[in-house]
Amino acid sequence: ALGHAELRVRDAVSLDFCRRCGLNATVEPDDAFALVKGMVTTSSIALSESGARKIGVCLFPQYGRKADCDFSGWLIKCLHGLKAQGPEWKIEGFCFHTSPDAEFREMQDLFESAGLPPNQVLAPNLDFRRAAVSVRNYDLIITTRFHAVVVANAFGIPNIAIASGEYYLAKMKAAVAGHEFSSSLVNPEIVAPE
């Protein structure tokens with residue numbers, strides 16, 4: 001059905017798949033880059049009420065990971081490490097996914113397991129534009145979500161992408177490529193949460 005279409009894909013793994021299937025495809029940045037670039041791109045970093053700087057975390061198990069790998073323990077240790085940075089940093093969870101209710105519950109559980117108040121996870125915003133604009137409230141983003149990295153880079157917010165498995169690593173490589181604000185791409189299979 002796609003044999004005569006000109007396909008646009010966002011990563012090398014998808015391009016290889018298309019080529020193996022004999023489909024004509026080119027790699028282009030994800031459409032979210034263009035959407036977010038159209039928004040006001042001046043970062044409006046806001047300190048929390050206590051004057052602390054804000055870390056936005058959006059952590060959710062990624063689809064396509066190895067079935068026998070559960071990185072919840074890794075994510076909890078990561079949150080423990082962030083909490084140990086002291087009161088000058090406020091950690092806040094935000095939802096940025098196609099299943100925001102599931103992500104919300106998962107992150108509340110992760111926060112509670114890490115000794116952080118679950119109410120520090122913000123309720124999901126189902127409007128992508130509003131969710132994107134709210135990302136501007138953070139000084140640093142740590143996330144497993146592709147589009148959260150895209151938005152952070154478009155707004156010039158430093159970010160750390162977390163990805164595992166061939167598919168998600170390829171997606172995240174496409175999201176961080178050429179962006180000075182993506183300080184690292186972390187694979188929990190080979191990098192400790194610290």
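A residue counts as buried when its relative accessible area is under 20%. Ala170, at 11% relative accessibility, therefore counts as buried in this predicted model. Across the protein, 45% of the 194 residues fall into that buried class.

**Overall layout**

- The protein has 7 helices and 7 strands.
- If you walk along the sequence, these elements come in the order β-α-β-α-β-α-β-α-α-β-α-β-α-β.
- Among contacts in the protein with a separation of 6 or more, 64% are made by residues 24 or more positions apart.

**Ala170 and its surroundings**

- Ala170 sits in helix H7, which covers residues 165–176.
- Which residues does Ala170 contact, leaving aside its neighbours within four places in sequence? They are Asp11 and Val13.
- Ser14 is another residue to look at here: Ala170 and Ser14 are 156 residues apart in sequence, while their C-alpha atoms are 8.6 Å apart in space.

**Helices H6 and H7**

- A packed pair of helices is described by the angle between the two axes and by the distance between those axes.
- For helix H6 (residues 146–155) and H7, the angle is about 10° and the axes are 9 Å apart.
- Angles under 35 degrees count as roughly parallel, so H6 is roughly parallel to H7.
- On the H6 side, the contact is made by Phe146, Val149, Val150 and Asn153. H7 contributes Lys171, Met172, Ala175 and Val176.
- By class, the residues of this contact of H6 with H7 divide into 6 nonpolar, 1 polar and 1 charged.
- Is H6 largely enclosed or largely open? H6 is largely enclosed by the rest of the structure, because 9 of its 10 residues are buried.
- The buried residues of H6 are Phe146, Ala148, Val149, Val150, Val151, Ala152, Asn153, Ala154 and Phe155.

**Helices H3 and H4**

- Helix H3 (residues 72–83) packs against helix H4 (residues 100–113) at an angle of about 60°, and their axes are 9 Å apart.
- That angle makes H3 oblique to H4.
- The crossing of H3 and H4 is right-handed.
- From H3, the residues that meet H4 are Ser72, Leu75, Ile76, Leu79 and His80. Their partners in H4 are Glu106, Leu110, Phe111 and Ser113.
- The contact of H3 with H4 has 5 nonpolar, 3 polar and 1 charged residues.

**Salt bridges**

- Side chains of opposite charge can pair when their charged atoms come close.
- How many salt bridges does the structure hold? There are 4.
- One of them joins Arg8 and Glu28, with the closest N and O atoms 3.3 Å apart.
- Arg8 belongs to strand S1 (residues 7–9) and Glu28 to the loop between strand S2 (25–27) and helix H2 (31–37), so this pair ties together parts that are 20 residues apart in sequence.
- Arg8 counts as exposed, at 52% relative accessibility, and Glu28 is partly exposed at 32%.
- Arg53 forms a salt bridge with Asp139, and here the closest N and O atoms are 2.9 Å apart.
- This pair links distant parts of the chain, 86 residues apart: Arg53 is in strand S3 (residues 53–58), and Asp139 is in the loop between helix H5 (128–134) and strand S5 (140–143).
- Arg53 is partly exposed, with a relative accessible area of 41%, whereas Asp139 is buried at 9%.
- Glu92 pairs with Lys90 in a salt bridge whose closest N and O atoms are 3.6 Å apart.
- Glu92 is buried, with a relative accessible area of 8%, and Lys90 is partly exposed at 23%.
- Which residues are linked in a network of salt bridges? The network is made up of Lys54, Lys90 and Glu92.

Methods. Residues are numbered from 1 along each chain as its sequence is written. This is a predicted model: local features need pLDDT of at least 70, side-chain atom pairs count only at pLDDT 80 or more; totals for chains, interfaces and linings use all residues. Side-chain values use heavy atoms; hydrogens and water are left out. Axes are lines fitted to C-alpha atoms, for helices over the stretch in contact, and angles run from 0 to 180 degrees between N-to-C directions. Helices (H or I, at least four residues) and strands (E, at least two) are DSSP runs, numbered from the N terminus. Angles under 35 degrees count as roughly parallel, over 145 as roughly antiparallel, 65 to 115 as roughly perpendicular and the rest as oblique. A crossing is left-handed if the near helix is turned anticlockwise from the far one by less than a right angle, and right-handed if clockwise. Contact means heavy atoms within 4.5 Å. Ala, Val, Leu, Ile, Met, Phe, Trp, Tyr, Cys and Pro count as nonpolar, Asp, Glu, Lys and Arg as charged, and the others, Gly among them, as polar. A salt bridge is a side-chain nitrogen of Lys or Arg within 4 Å of a carboxyl oxygen of Asp or Glu. Buried means under 20% relative accessible area, exposed over 50%, partly exposed in between (1.4 Å probe, protein chains only).
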